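User: I would like to learn how to read the features of a predicted model with some care, taking the general idea before the particular case.

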Amino acid sequence: VALVAALCIQASPSRVACTVGPCSYLAFYLTQTIACRVATGAWVYPVLEDVQRAAGLVGVGAFILVVCAVGAVLAWVGKALVDARLAL
């Protein structure tokens with residue numbers, strides 16, 4: 001589905017949009033995950049429990065930053081694919 005959508009795109013998004021969009025979404029989503037943890041006392045995803053046990057809340061924050069960075073990198077890869085397709 002993503003490949004078909006990429007083939008239908010007529011203009012490539014800016015590099016800033018490729019960074020801000022996914023990172024904003026991921027930060028918002030993970031903030032909701034933290035709010036759920038505060039409200040219920042349990043992590044929605046077991047990996048966050050493992051990270052907290054191993055590295056504390058600082059580790060959870062670092063994990064969230066890494067997830068946002070991976071989202072940005074994947075967005076840049078998608079932008080590169082769209083740019084390559086538009087260059088044809």
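User: At which residue does helix 3 bend, and by about how many degrees?

Analyst: The bend at a residue is the angle between axes fitted to the seven residues ending there and the seven starting there, and in this predicted model helix 3 bends by about 130 degrees at A55. Helices here are DSSP runs (H or I, at least four residues), numbered from the N terminus. The model is predicted, so local features need pLDDT of at least 70 and side-chain atom pairs count only at pLDDT 80 or more, while totals for chains, interfaces and linings use all residues. Residues are numbered from 1 along each chain as its sequence is written, and side-chain values use heavy atoms, with hydrogens and water left out.

User: How far apart are the end C-alpha atoms of helix 3?

Analyst: The expected span of a helix is 1.5 Å times one less than its number of residues. Helix 3 (residues 46-87) has 42 residues, and a straight helix would reach 62 Å, yet its end C-alpha atoms are only 43 Å apart.

User: Which salt bridges does a search of the whole structure find?

Analyst: A salt bridge is a side-chain nitrogen of Lys or Arg within 4 Å of a carboxyl oxygen of Asp or Glu, and the search finds three. E49 pairs with R53, their closest N and O atoms being 2.7 Å apart, and R53 also meets D50 at 3.5 Å, N to O, so that E49, D50 and R53 are linked in a network. The side chains of K79 and D83 form another salt bridge, at 3.1 Å from N to O.

User: Why do residues three or four places apart point the same way?

Analyst: An α-helix has 3.6 residues a turn, so residues at that spacing point the same way. In helix 3, E49 and R53 are four residues apart, about one turn, and K79 and D83 are likewise four residues apart, whereas R53 and D50 are three residues apart.

Terms used: Helices (H or I, at least four residues) and strands (E, at least two) are DSSP runs, numbered from the N terminus.
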